[in-house]
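Subject: Structure handover

Hello,

Here is the structure for you to look over. My notes come after it.

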Amino acid sequence: MFVDFFIDRPVLAMVTAMLIVLAGAICVPLLPVGRFPILSPPQVGVSASYLAAAAQTVESAVTTPLEQQINGVEGLRYLTSTSSSDGSSEIDVTFDVDRSLDLAAVDIQNRVNQAQGRLPSVVRQNGLTVWKSSGQFVCGIALTSQGEYSNLFLSNYADVFLREALRRVPGVSSVQVWGARKYAMRIWLDPVRLAARKLTATDVVNALQEQNVQIAAGAVGEPPAPPGQAYQISVRALGRMSSPEEFRKIILKTGDDGTMVLLQDVARVEVGAEDYSGYLRWRGRETVGLGITQYPNANALDVDRAVLAEMDRLAASFPPGIKYEVAFDNTPVVRESIHEVVTALCLSVVLVMLVILLFLQSFRSTLISALTIPVSLVGTFAFVKLFGFTINTLTLFGLTLATGLVVDDAIVVIENIERHLERGDGDPRQAASRGMREVTGAVLATSLVLVAVFVPVAFFPGITGRLYKQFSLTIAFSVLISTFNAMTLTPALSALLLRPVGAKRGLFGVVERGLHGLASLYDRSLGRVSRGKLAVTVLFLAGLAGTYWLFRTVPRGFVPLEDDGFFMAAVQGPPGASLQTTIDVVAKVEAILQAQPEILGVFGVAGDGGPNRGFVYVSLK
């Protein structure tokens, strides 16, 4: 018999259980940690820029051709797009929940490449960006100074020295720079002077393209060269310009008499910001911020710790006067949720052991049951890793419920073996063998019933099925491991440790008499209930009706509502509202919120998604 094989070889049974525990323990640090399973459908974003174009022009020349080309890609659910008056175009493509994000990004990139021939040349020159979207911000970081540095300097420093370093942190999907002010050469044209010299903005652009260019000038003395050529020297020609003085000397027009019209005659040239469409406020001051997002399958806690550690390392080389502050952090709620569930899991294990000790009334039996619990719970993480799940509140909640289920098989085996010992089977090994022959079928049947209850939940369609799939399969994995333990480890340990138990005394005696009394009461009540079949049927139907009423009246929700420690407020002005108007609204919202005693900090962004849009991120104490 299969069970006898392990009863005769208890060391093998223990080693097998240790291997299960070891496999689960190895997988625990490798698993992503999050508050909930990955629920959001895969998203891929596409962005383009048509500088100085109106929103309608961006829509017809950029967004529409891209949408037409992207439409119909495999696994597409829907797509949304935004064409802004600042010339930016953004398209968010959402796929089915079971679609691979990597493959979806490749498909979108191929579709965008096919559409580039229909886009304006300016858009192709600026480049199109395709990225794997992750709407979940891990944290936000604000760069501050005491007035020594301008926002232009802070923005450039964040873009050059911080952004790329943070993007190399494992698990980081993207790093957004809010309030960005990259260095750029700004040329402010004077239309009156242009008209007086019979020039247009197109003439200025053509002159810039012709004279501000990098040229490969070749070399002197390279083959074929005349005999006796001793040297070969590369020619370095003046290429792209790098200072306002050089730009001011660009020739726009030459007259018949040899006079030249220079750029400085019709424009003001200075070093400024590449883009003035973004704005960030932190603690009532304009500054620059970094928004860190993670990959969907990344460990949020590890990403947060790694990002802050990298910022501490980078802060050691900050210029004097520059500091960083964590404006918001979304991981504390994840950390607290996981901590609370782990605490509940530990308490459930302790309570289960106390109940087993109280009802089995044997320290040896309790010890055997206690040894089977960690094997089933820890070993489950190996299957969690194998199926690509994460450690979240639902998987841990499944383990908490499984704590009471995984000991059922062990209790059935132990009680039956003890029954044989009490009836005179003095040899524990023989008692274990006989007891297992009687209950093996029952243990397998009960386990299969439990698995049959939970496994169908994993096949629910849509996001609901994705949410509860990990919960149901986690319990099923635990039950299956528990069944294997009941067939191997539990009988082997019972043959080694169990001994005949004498009469129960003290508290155990009181409990034993109480259990016998309950059994007798139940036996007598069955006869009375069987005579009142109509009353029992009425009570049963009333219970069904009450259940239906509660199901209809109790509030419903996708996930339980909990205090996340923050909230966000969207700011959207009327169409055509300027960025300054949005900045003023954000400042007023910030002032109102900052006056509340519950508010820890307010992080306001204007110009996000358009000049009339913004948001305010509020951290609570």
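Below is what turned up, topic by topic. Please keep in mind that this is a predicted model.

Salt bridges

A search of the whole structure gives 14 salt bridges.

Start with arginine 99 and glutamate 74. They form a salt bridge, and their closest N and O atoms are 3.9 Å apart. Both partners sit in loops. Arginine 99 is in the one between strand E3 (88-95) and helix H4 (101-115), and glutamate 74 is in the one between helix H3 (55-70) and strand E2 (76-83), so the pair ties together parts that are 25 residues apart in sequence. Glutamate 74 is exposed: its value is 54%, and the cut-off is over 50%.

Next, arginine 283 and glutamate 325. Their side chains meet in a salt bridge at 3.1 Å, N to O. This pair links distant parts of the chain, 42 residues apart. Arginine 283 lies in the loop between strand E13 (279-282) and strand E14 (285-286). Glutamate 325 belongs to strand E16 (residues 322-329). Both residues are partly exposed: arginine 283 has a relative accessible area of 49%, and glutamate 325 has 27%.

Arginine 248 is partly exposed at 26% relative accessibility. Glutamate 245 is partly exposed too, at 48%.

Cavity

How many cavities of 30 Å³ or more are there? The count comes to 1. The volume of the largest cavity is about 40 Å³. Its lining consists of Thr380, Phe381, Val384, Thr390, Ile391, Thr395, Leu396, Leu399 and Thr474. Helix H12 (363-386) and helix H13 (393-422) are the elements that give two or more residues to this lining. By type, the lining residues of the largest cavity divide into 5 nonpolar and 4 polar, with no charged ones.

Surface patch

Which residues form a nonpolar patch on the surface? They are Val11, Val15, Leu19, Leu22, Ile26 and Leu30. Together they have about 570 Å² of accessible area. Take isoleucine 26 as one of them. Helix H2 (residues 10-27) contains isoleucine 26. Isoleucine 26 is partly exposed, at 48% relative accessibility. Patch residues need over 30%, so isoleucine 26 passes on that count.

Glycine 441

One last position. Glycine 441 is in helix H14 (residues 428-454). Its relative accessibility is 47%, so glycine 441 counts as partly exposed. Alanine 452 is 11 residues from glycine 441 in sequence. In space the two are 16 Å apart, C-alpha to C-alpha.

Best wishes

Terms used: Residues are numbered from 1 along each chain as its sequence is written. This is a predicted model: local features need pLDDT of at least 70, side-chain atom pairs count only at pLDDT 80 or more; totals for chains, interfaces and linings use all residues. Side-chain values use heavy atoms; hydrogens and water are left out. On a 1 Å grid over the protein atoms alone, a cavity is a set of points where a 1.4 Å probe fits but cannot get out, and a pocket is an open set with protein on both sides within 12 Å along at least five of seven lines; lining residues have an atom within 4 Å of a point. Grid points are joined across faces, edges and corners, and a volume is the space filled by probe spheres set on the points. Helices (H or I, at least four residues) and strands (E, at least two) are DSSP runs, numbered from the N terminus. Ala, Val, Leu, Ile, Met, Phe, Trp, Tyr, Cys and Pro count as nonpolar, Asp, Glu, Lys and Arg as charged, and the others, Gly among them, as polar. Patches are made of residues with over 30% relative accessible area and no salt bridge: like charges are joined within 9 Å, nonpolar side chains (Val, Leu, Ile, Met, Phe, Trp, Tyr) within 5 Å. Accessible areas come from the Shrake-Rupley method with a 1.4 Å probe; for residues, only the protein chains shown count as cover. A salt bridge is a side-chain nitrogen of Lys or Arg within 4 Å of a carboxyl oxygen of Asp or Glu. Buried means under 20% relative accessible area, exposed over 50%, partly exposed in between (1.4 Å probe, protein chains only).
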